[in-house]
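Subject: Structure handover

Hello,

Here is the structure I promised to pass on. Please open it next to this email and follow along.

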Amino acid sequence: KKIKRIITEEDNDMREEYFLNPRYDFENFIVGPNNEHAHAVSLAVAKNPSEAYNPLFIYGGSGLGKTHLMHAIGHYILKNNPDTKVLYVSSEMFTSELVKAIHDSKNPNDKIRLFKNKYRNVDVLLIDDIQFMANKSETQQELFHTFNSLYNQNKQIIFTSDRPPKELNGIEQRLISRFEQGLLADIAPPEYETRIAIIKRKAELYGMNLPDSIVDFLADKLKTNIRQLEGAITKINALTLVTGSTPTLNR
């Protein structure tokens, strides 16, 4: 489902379209001891934006499901309230648009105005991988003011990061204090049983019936990154389609 456009067609330099991944919903999220708290609070936010936890800050290592939960929140909100203005961006996208607004225009004040209108007139703002804003002072300044504007309007704000706010080197203290004034939810690497469930669920989506020996092998070898597990299943599915044979540990 496509995110609603927030700015007008007259803005020719800021017309990127952002999408929520259709595979990243709550139904496809495998809940285990490693992520049950993050899942529960994400669902609470999705059901009651701006009322449950604001801001929500989800953190954990790469490939553990932070982006999945963020997209799931967006999908849930738009499904139940289609007129809600939801905007998802990565921190790099936010920075890139700000740089364009400042440097790529003969009249930067107009571009900055459009940038501010875009980000400060939404109901839900989702910013992924906030750690990549480290040491980018202008970006952080704009985010600070955007945060204050949305928060004062009682709009929902959600961030993800690969570490908790207090460990974000290169991020201004005033931003860290904003991150910490809401709810922090961490995601840890999945336990063995959760990895098994993830593998089986991914295989089901491909219509595959993997032998238990392969499921156990993958769960035992790929312990810290869900994205690696999903990538392994994707490769196995591709090989199966090419060879037309049932995969085994030897092939």
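Two strands count as paired if DSSP finds at least two bridges between them. Please keep in mind that this is a predicted model.

**The sheet**

In which order do the strands of the open sheet lie? The order is S2-S3-S4-S1-S5, five strands with parallel pairing. Strand S2 (86-90) and strand S5 (183-187) stand at the edges. Each of these two has a single partner strand, so one side of each has no neighbour in the sheet. On average, neighbouring strands here are turned by 15 degrees against each other, direction ignored. In general, strands of a sheet pair through backbone hydrogen bonds, either parallel or antiparallel.

Now look at one pair. S2 and S3 run parallel, and five bridges join them. Across from Asp128 in S3 you will find Ser90.

Start with helix H7 (residues 192-205) and helix H8 (residues 212-221). Their axes come within 9 Å and cross at roughly 125 degrees. An angle from 65 to 115 degrees would count as roughly perpendicular, and one over 145 as roughly antiparallel. H7 is therefore oblique to H8. The crossing of H7 and H8 is right-handed. On the H7 side, Tyr192, Arg195, Ile196, Ile199 and Lys200 make the contact. On the H8 side, the contact is made by Val215, Asp216, Leu218, Ala219 and Asp220.

Next, take helix H3 (residues 91-103) and H5. The axes of H3 and H5 come within 10 Å, with a crossing of roughly 105 degrees. H3 and H5 are therefore roughly perpendicular to each other. H3 brings Phe94, Thr95, Leu98 and Ile102 to the contact. H5 brings Glu138, Thr139, Glu142, Leu143 and Thr146.

**Salt bridges**

How many salt bridges does the structure hold? There are six. Three of them are worth a look.

- Lys155 pairs with Asp123, and their closest N and O atoms are 3.0 Å apart. This pair links distant parts of the chain, 32 residues apart. Lys155 sits in the loop between helix H5 (137-152) and strand S4 (156-161). Asp123 sits in the loop between helix H4 (108-120) and strand S3 (124-128). Asp123 has 24% relative accessibility, so Asp123 counts as partly exposed.
- Asp162 and Arg163 meet through their side chains at 2.7 Å, N to O. Asp162 is partly exposed, with a relative accessible area of 30%. Arg163 is partly exposed too, at 29%.
- Glu172 and Arg174 form a salt bridge at 2.8 Å, N to O. Glu172 is partly exposed at 27% relative accessibility. For Arg174 the relative accessible area is 31%, which means partly exposed.

**One histidine**

Finally, find His37 in helix H1 (residues 36-47). Leaving out residues up to four places away in sequence, His37 touches Leu184 and Ala185. His37 and Leu184 are 147 residues apart along the chain. Their C-alpha atoms are separated by 10.0 Å.

Best wishes

How values were computed: Residues are numbered from 1 along each chain as its sequence is written. This is a predicted model: local features need pLDDT of at least 70, side-chain atom pairs count only at pLDDT 80 or more; totals for chains, interfaces and linings use all residues. Side-chain values use heavy atoms; hydrogens and water are left out. A salt bridge is a side-chain nitrogen of Lys or Arg within 4 Å of a carboxyl oxygen of Asp or Glu. Helices (H or I, at least four residues) and strands (E, at least two) are DSSP runs, numbered from the N terminus. Buried means under 20% relative accessible area, exposed over 50%, partly exposed in between (1.4 Å probe, protein chains only). Axes are lines fitted to C-alpha atoms, for helices over the stretch in contact, and angles run from 0 to 180 degrees between N-to-C directions. Angles under 35 degrees count as roughly parallel, over 145 as roughly antiparallel, 65 to 115 as roughly perpendicular and the rest as oblique. A crossing is left-handed if the near helix is turned anticlockwise from the far one by less than a right angle, and right-handed if clockwise. Contact means heavy atoms within 4.5 Å.
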